[in-house]
Amino acid sequence: MESFEGGGVAPQPYRFPQARIPERGSGAFRLTARNAMAHHDSEMKEECLREDLKFYFMSPCEKYRARRQIPWKLGLQILKIVMVTTQLVRFGLSNQLVVAFKEDNTVAFKHLFLKGYSGIDEDDYSCSVYTQEDVYESIFFAINQYYHLKDIALGTLGYGENEDNRIGLKVCKQCYKKGSMFPSNETLNIDNDIELDCVHLDLQALSKDPPDWKNSSFFILEFYRLLQVEISFHLKGIDLQTIHSRELPDCYVFQNTIIFDNKAHSGKIKIYFDSDARIEECKDLNVFGSTQKNAQYVLAFDAFVIVICLASLILCTRSIVLALRLRKRFLNFFLEKYKRRVCDADQWEFINGWYVLVIISDLMTIVGSILKMEIKAKNLTNYDLCSILLGTSTLLVWVGVIRYLGYFQAYNVLILTMQASLPKVLRFCACAGMIYLGYTFCGWIVLGPYHDKFENLNTVAECLFSLVNGDDMFATFAQIQQKSILVWLFSRLYLYSFISLFIYMILSLFIALITDSYDTIKKFQQNGFPETDLQEFLKECSSKEEYQKESSAFLYCICCRKRKRSDDHLILIN
């Protein structure tokens, strides 16, 4: 021990205690390294999730600029719009010929088989008769016209078989079973059981001269018991006008029915004519020229439309499936890190409603195209179902275009306003609908016997809806019959109160709800929308990029390298 000059002992220097560094092979070192690696993996996992979410909510153009991914679905949707619209236009032109052929034949049949038909229907029936002689003449006139059809008809018509596989007319009459009536004594004895009696007149029976069938007891009508007389027959025809459009012709079967309605026993018998036309496959169809080749081109075009829609259906379904997987990743991460569930609004952000719309449209287009191909090949004849499917699918396709306009702020106002106002509008309409139904039932029961527009519930609802929109107001007021002063006064109170309530109050409130939502959206666009948990989570990624571009890029590169191959499919193409 050294000593100082004064003979004392030299002091020893103080040593600070040092933290014990665990040896490399010890368990404490392995635990610390494991925690560091777990923390690092958690950060990389979070950053990868942010990047995937950010990429998912990008527009197709932003995705192309970010990762050079070609927007296949966008191009496919544009091609599908052109193809589906072209297909619809061609089918619409063909369907117009079918509808025109049916309507023209119905008008021709009315002139052929209805005696004294003026060309204009009376309300819901074609014409009416008022004497017994007119009834007999009208019945015999229709039967004679049927027999001489080939000599007088201008169309390509022939006789068809009825339900009993017999060619000819079927005449049926409905009468009360028995009874007697003496109006002068105000006496009535009637059995309200209805009996049905039918007779079949084939061409051989109609060809007899003199016509014995006219003197049959069947045609002796007791009008006080008579309810109705029904004449039914089938005719066949071929639509040749489709050949001019380079299409194969259709073969038609017209099921015609003439009804003499005497159920009211009011002295007026209404005559109804109904023609139900259905298309059947032509048994022997030989058309030479370019018509058959044109049909093959149309079938090939329809097959190409099916392929396009099938590809769109697969891509959109795949995107929805991948979006649900990404949603599950985000929910699990949020629950693990923040210990709470994500709100419902953020969860619905992953369900792209436009994809659902496209999937429905694709399914309808595929089914409608298959029906159209069968119709073109003359294997099916259901034009109505095919037109409904193709028309609705085209409507949904064009509505889907709004999605791409929504990426621009100037065009996004309509979509956002509809989304914001729809719940309030539906609740408002539910309340207003109760008042509307009340006025509908009241107008039907009170004004129905005195006003043509209030005869049934369907007409009443249509009339009131027209009044709400300011249509045909004066005519509705003027057509009320003034047979009852009390009903006339009630009609004025009823109409004035309905118009005032719905136009000045309910319609104004309806518009105010939409206007309020529009103003709210405009303010949000100027000041910013309220941020949800999902948006705040994505905002952290954007804020980090402002001052850590290099580190973020490096971390993202590490993240992509660390990602398992099983997670590669979660990088979505929105």
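## Aromatic cluster, salt bridges and confidence

Phe 101, Phe 109, Phe 113, Tyr 146, Tyr 159, Phe 233, Tyr 252 and Phe 254 come together in one aromatic cluster. Rings of Phe, Tyr and Trp (its six-membered ring) pair here if their centres lie within 6.5 Å; planes under 30 degrees apart are stacked, those over 60 edge-to-face, and the rest tilted. This is a predicted model, so local features need pLDDT of at least 70 and side-chain atom pairs count only at pLDDT 80 or more, while totals for chains, interfaces and linings use all residues. Residues are numbered from 1 along each chain as its sequence is written, and side-chain values use heavy atoms, with hydrogens and water left out.

- Mean pLDDT (the predictor's confidence in each residue, from 0 to 100) is 77 for the chain, and 77% of the residues reach 70 or more.
- Helix α13 (residues 457–468) has the highest confidence, at a mean of 91, and helix α17 (residues 549–562) the lowest, at 36. Helices (H or I, at least four residues) and strands (E, at least two) are DSSP runs, numbered from the N terminus.
- A contact means heavy atoms within 4.5 Å.
- Residues 542–574 also stay under 50, and for them the model has 47 contacts beyond four places in sequence.

**Transmembrane regions in the record**

- The unreviewed UniProt entry puts "transmembrane region" at residues 297–326, 347–367, 387–405, 425–447 and 493–514. UniProt positions follow the numbering used here, feature names are shortened, and annotations may be inferred rather than shown by experiment.
- Residues 347–367 are 81% helix and 0% strand, with their end C-alpha atoms 32 Å apart.
- Residues 387–405 come out at 95% helix and 0% strand, and there the end C-alpha atoms are 28 Å apart.

**Aromatic pairs**

- The count comes to 23 aromatic pairs.
- One of them is Tyr 136 with Phe 223, an edge-to-face pair at 6.0 Å centre to centre and 85 degrees between the planes. Tyr 136 sits in helix α4 (residues 132–147) and Phe 223 in the loop between α6 and β5, so this pair ties together parts 87 residues apart in sequence.
- Tyr 136 is partly exposed at 22% relative accessible area, whereas Phe 223 is buried at 16%. Buried means under 20% relative accessible area, exposed over 50%, and partly exposed in between (1.4 Å probe, protein chains only).
- Phe 218 and Phe 219 form another edge-to-face pair, with 5.2 Å between centres and 85 degrees between planes. Both of these Phe residues are buried.

**Salt bridges**

- There are seven salt bridges, each a side-chain nitrogen of Lys or Arg within 4 Å of a carboxyl oxygen of Asp or Glu.
- Lys 110 and Asp 121 meet in one of them, at 2.8 Å N to O. The two are eleven residues apart and link distant parts of the chain: Lys 110 belongs to helix α3 (residues 72–113), Asp 121 to the loop between α3 and β1.
- Lys 110 is buried at 10% relative accessibility, while Asp 121 is partly exposed at 34%.
- Glu 195 and Arg 225 make a salt bridge of 3.4 Å, N to O. Here too distant parts of the chain are linked, 30 residues apart: Glu 195 is in strand β4 (residues 187–202), Arg 225 in the loop between α6 (203–206) and β5 (226–239).
- Arg 225 also bridges to Glu 222, with the closest N and O atoms 2.5 Å apart. That makes Glu 195, Glu 222 and Arg 225 a network of salt bridges.

**Around Ser 128**

- Ser 128 is found in strand β1 (residues 127–129) and is buried, with 14% relative accessible area.
- Its side chain makes polar contacts with those of Glu 122, at 3.3 Å, and Tyr 130, at 3.2 Å. A polar contact is a pair of N or O atoms within 3.5 Å; within protein, one must be able to donate a hydrogen and the other to accept it, and residues adjacent in sequence count only if both atoms are side-chain atoms.
- Leaving aside neighbours within four places in sequence, Ser 128 touches Glu 122, Lys 268, Ile 269, Lys 270 and Ile 271.
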